[in-house]
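User: I'd like to learn how to read a structure like this one. Could you walk me through a few features, one by one?

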Amino acid sequence: MDFTTSDLQALLTDLADRMRAERDHLCALDGAIGDADHGIAMEQGMVAAAAAAREVTDGTLQDIFNAAAKGFLNAVGASSGPLYATAFMRAGKALGPEKSVPRDSLRQVIVAMAEGIAHRGKAEAGQKTMLDAWLPAAEAASAGADPAAIAAAATEGA
Ligand SMILES: [Mg+2]
């Protein structure tokens, strides 16, 4: 079954719920090296991204990702704002102006988001940034790994 615009809207809403659940954990991790606000930024950003995505009626997958990018960017002043906004815009470009795509195309989303974050952040693997999780995930996705293995690659990188 193909991945549709309503699937994407639901996925972004699930991610917002997940960020709410992980907020305190992310803040604690950030507190070890920074100002302990990363969980707040990620929750606010994903809630705004999901809300903006749900407002798109009769749009394409690219329209929804672009709306999510704008929502995230407007909600988050921290550096994660432009990083995720770029990632979402790259994801939209990867899927294109389509209303549905084969589920296997979601591999390209992971790769495109990783590349977008690397480009915007001018960073690479091994610099203790989120790319240490994103890049192994992108590599696994490109190599045809199943979703659990892609997630495991990200976890191991982190
Ligand atoms: Mg911080």
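Analyst: Happy to. Keep in mind that this is a predicted model. Let's begin with the metal site: the donors of the magnesium ion follow the spacing D-x4-D-x1-D along the chain.

User: Which residues coordinate the magnesium ion?

Analyst: Asp30, Asp35 and Asp37 do, each through OD, at 2.0 to 2.4 Å.

User: Are aspartate 35 and aspartate 37 buried, partly exposed or exposed?

Analyst: Here you compare the relative accessibility with the cut-offs: under 20% is buried, over 50% is exposed, and in between is partly exposed. Aspartate 35 has 56%, so it counts as exposed. Aspartate 37 has 31%, so that one is partly exposed.

User: Next, helices. How do I read the way two of them pack?

Analyst: Two packed helices are described by the angle between their axes and the distance between the axes. In this model, α1 (residues 5-31) packs against α2 (residues 38-54) at an angle of about 170°, and their axes lie 6 Å apart. Because of that angle, α1 is roughly antiparallel to α2.

User: What residues make the contact between the two?

Analyst: On the α1 side they include Leu12, Leu15, Met19, Arg23 and Asp30, and on the α2 side Ile40, Met42, Glu43, Met46 and Val47 are among them. Sorted by class, the contact of α1 with α2 has twelve nonpolar, four polar and five charged residues.

User: Let's finish with alanine 141. Is it buried or exposed?

Analyst: Buried, because its relative accessibility is 0%. Alanine 141 belongs to helix α6. Setting aside neighbours within four places in sequence, alanine 141 is in contact with Arg107, Ile110 and Ile150.

User: How far is alanine 141 from proline 102?

Analyst: The two are 39 residues apart in sequence, and 15 Å apart in space from C-alpha to C-alpha.

Note on methods. Residues numbered from 1 in each chain as written. Predicted model: local features only at pLDDT ≥ 70, side-chain atom pairs only at ≥ 80, totals over all residues. Heavy atoms only, no water. Axes fitted to C-alpha atoms, helices over the stretch in contact; angles between N-to-C directions. Helix = DSSP H or I, 4+ residues; strand = E, 2+ residues; numbered from the N terminus. Parallel < 35°, antiparallel > 145°, perpendicular 65-115°, else oblique. Contact = heavy atoms within 4.5 Å. Nonpolar A, V, L, I, M, F, W, Y, C, P; charged D, E, K, R; others polar. Donors = N, O, S within 2.8 Å, 3.2 Å for Na, K, Ca; no water. Buried < 20%, exposed > 50% of the residue type's maximum accessible area, 1.4 Å probe, protein only.
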